[in-house]
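Welcome! Please take a moment with the sequence and the 3D view, and then we can walk through them together.

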Amino acid sequence: LAIPLSIFSQEEQEEENDLSRTFMPNFQMGYVFHETDELSGGLMTQLSIEYRDVSNFVFRINYDAFNANMNFRYPVNEDVSFTGKTSFSDLILGVGYRETILRIIFTVYIQPGVRFYGYPVFETDGNQVMLDYDSRNVGVIRYSIGYEYTLTPKLFLIVEGLAIHTLRSKDYWANNIWAYGITAGISASLL
């Protein structure tokens with residue numbers, strides 16, 4: 001009788017530990033400098049789920065949404081430009097490491113994934129010009145370095161610096177595959 005009870009309580013304790021090491025949703029907001037000819041800098045919103053292993057490794061999946069202003073040269077007349085707002089998103093997952101010194105925690109992450117975006121396509125037919133928005137994607141890798149401050153044992157204030165690069169020079173990122181930014185937010189465990 002004692003053996004099944006001890007096994008059950010051991011499984012329950014392991015389950016609690018896994019839930020207490022799962023942090024979701026982490027919410028951060030920031031600004032990203034795209035620095036391309038066609039995109040300006042813009043706001044970024046990040047939602048992520050983390051599993052913090054006992055060995056200080058972190059497994060994280062992110063959904064990052066970006067806003068920016070775009071500026072294109074009109075294909076028929078280079079003196080005319082097409083401007084507007086655009087948004088795109090990254091779905092990335094990867095691994096990180098956390099090092100704790102007193103109540104301060106330093107983090108590093110590397111996260112490959114996919115960027116989903118729309119790109120304007122101009123078609124000319126005589127004097128008529130048609131504009132279409134083509135759905136596309138490109139591979140990305142994000143590198144982050146962060147700082148966490150422990151507010152309570154299960155609530156953290158986060159500040160992260162990041163660098164993102166696309167794996168191919170195309171569309172918005174034809175002349176610069178790198179973007180840099182900073183985010184700030186909060187993180188809390190499930191239990």
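Here is a short tour, from the overall layout to a few individual residues.

## The overall layout

The model you are looking at is predicted. The protein has one helix and eight strands, and along the sequence these follow the pattern α-β-β-β-β-β-β-β-β.

Of the 191 residues in the protein, 36% are buried.

## The largest nonpolar core

In soluble globular proteins, nonpolar side chains tend to be buried together. Here, the largest nonpolar core has 18 residues, and those touching the most other members are Val32, Leu39, Phe66, Phe88, Tyr117, Tyr172 and Trp173. Two or more residues of this core come from each of strand 3 (57-73), strand 4 (81-101), strand 5 (104-125), strand 6 (128-152) and strand 7 (155-166). Strand 3 provides the largest share, which is four residues.

Setting aside neighbours within four places in sequence, Trp173 is in contact with Thr36, Leu39, Phe88, Arg115, Tyr117 and Thr166.

Next, find Arg52 in strand 2 (residues 42-52). Is Arg52 buried or exposed? Arg52 counts as buried because its relative accessibility is 5%, and the cut-off for buried is under 20%. The side chain of Arg52 makes polar contacts with two glutamate side chains: that of Glu50 at 2.7 Å and that of Glu148 at 3.2 Å.

Which residues does Arg52 contact beyond its neighbours within four places in sequence? They are Arg21, Phe23, Phe57, Val58, Arg98, Glu148, Phe156 and Ser187. Thr22 is 30 residues away from Arg52 along the chain, yet their C-alpha atoms are separated by 6.3 Å.

Arg52 also takes part in lining the largest pocket, which has 13 lining residues; nearest its centre lie Arg21, Phe23, Arg52, Asp53 and Arg98. The space in this pocket is about 160 Å³. Its lining comprises five nonpolar, three polar and five charged residues.

## Glu160, a buried charged residue

Glu160 is found in strand 7. This residue is buried because its relative accessible area is 1%, under the 20% cut-off. The side chains of Glu160 and Arg60 make a polar contact of 3.0 Å.

## Two loop residues with positive phi

Finally, let us visit two loops. Glu35 sits in the loop between strand 1 (22-33) and strand 2, and Asn56 in the loop between strand 2 and strand 3. Neither is a glycine, but each has a positive phi: near 50 degrees for Glu35 and near 75 degrees for Asn56.

How exposed are they? With a relative accessible area of 52%, Glu35 is exposed, because the cut-off for exposed is over 50%. Asn56, at 29% relative accessibility, counts as partly exposed.

Key
Residues numbered from 1 in each chain as written. Predicted model: local features only at pLDDT ≥ 70, side-chain atom pairs only at ≥ 80, totals over all residues. Heavy atoms only, no water. Buried < 20%, exposed > 50% of the residue type's maximum accessible area, 1.4 Å probe, protein only. Contact = heavy atoms within 4.5 Å. Polar contact = N/O pair within 3.5 Å; in protein donor to acceptor, adjacent residues only side chain to side chain. 1 Å grid on protein atoms, 1.4 Å probe; cavity = no way out; pocket = protein on both sides within 12 Å on 5 of 7 lines; lining within 4 Å. Points joined across faces, edges and corners; volume = space filled by probe spheres on them. Nonpolar A, V, L, I, M, F, W, Y, C, P; charged D, E, K, R; others polar. Core = buried A, V, L, I, M, F, W, Y, C linked by side-chain atoms within 4.5 Å.
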